[in-house]
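Take a look at the fold below.

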Amino acid sequence: IRQKGYRNRSEALRDLMRERMVREEWEKGEEIVGTITIVYDHHVRELAETLTAFQHDHVGTVLSTLHIHLDHQNCLEVIAVRGRSEEIQKFADRIIGTRGVKHGLLSATTTGKKLR
């Protein structure tokens, strides 16, 4: 409790319960929001165009994209997404599995509609 900075056990328990509720939303295929974070080599032929085209094909899913140049060769991209959990997972798998993407991670959370 101290390590996470909670003032008391009640706050810690509340967060544990919320975490479980969010997991249930994911498992039930409900609407979620999240981010897909990737690091990729921008020198890989047509990779940037492929990633951009795939995002354009999913206009209803992609909310926003943040692009950062890490160095001369590597870029970091954070893609904010919203949709049904299974759709988001498929989209993330496709992005992360694209040739030239060195690492990727989907971080999904709740829209907050069911949490109090």
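What follows goes from overall layout to core, and then to charged residues.

This is a predicted model, so local features need pLDDT of at least 70 and side-chain atom pairs count only at pLDDT 80 or more, while totals for chains, interfaces and linings use all residues. Residues are numbered from 1 along each chain as its sequence is written, and side-chain values use heavy atoms, with hydrogens and water left out.

The protein has three helices and four strands. Both are DSSP runs numbered from the N terminus: helices are H or I with at least four residues, strands are E with at least two. Read from the N terminus, the order is α-β-α-β-β-α-β. The C-alpha atoms fill a box of roughly 50 × 30 × 20 Å along the principal axes. The radius of gyration is 17 Å, whereas a compact globule of 116 residues would have one near 13 Å. That radius is taken over C-alpha atoms, and the globule rule is 2.2 Å times the number of residues to the power 0.38.

Of the 116 residues, 33% count as buried. Buried means under 20% relative accessible area, exposed means over 50%, and partly exposed lies in between (1.4 Å probe, protein chains only).

Now the interior. In soluble globular proteins, nonpolar side chains tend to be buried together. Here the largest nonpolar core has 18 residues. Such a core is a set of buried Ala, Val, Leu, Ile, Met, Phe, Trp, Tyr and Cys residues joined through side-chain atoms within 4.5 Å. Those with the most contacts inside it include Ile 36, Ile 38, Tyr 40, Leu 51 and Phe 91. Strands E1, E3 and E4 (101–110) and helices H2 (47–56) and H3 (85–96) each supply at least two residues of this core. Take Ile 38. Beyond its neighbours within four places in sequence, its contacts include Leu 51, Leu 76, Glu 77, Ile 95 and Val 101.

Glu 77 lies in strand E3. Is Glu 77 buried or exposed? Glu 77 is buried, yet has no salt bridge. The nearest side chain of opposite charge, Arg 94, is 12 Å away. For this count, Lys and Arg are positive and Asp and Glu negative; His and the chain ends are not counted. The side chain of Glu 77 does make a polar contact with that of Gln 55, at 2.9 Å. A polar contact is a pair of N or O atoms within 3.5 Å; within protein, one must be able to donate a hydrogen and the other to accept it, and residues adjacent in sequence count only if both atoms are side-chain atoms.

Elsewhere, charges do pair. The structure holds two salt bridges, each a side-chain nitrogen of Lys or Arg within 4 Å of a carboxyl oxygen of Asp or Glu. Glu 31 pairs with Arg 82, the closest N and O atoms being 3.1 Å apart. This pair links strand E1 (residues 31–41) to strand E3 (residues 74–84), across 51 residues of sequence. Glu 31 is partly exposed at 24% relative accessible area, and Arg 82 is partly exposed at 32%. The other bridge joins Glu 46 and Arg 45, at 3.5 Å from N to O. Glu 46 is partly exposed at 46%, but Arg 45 is exposed at 66%.

Conventions: Contact = heavy atoms within 4.5 Å.
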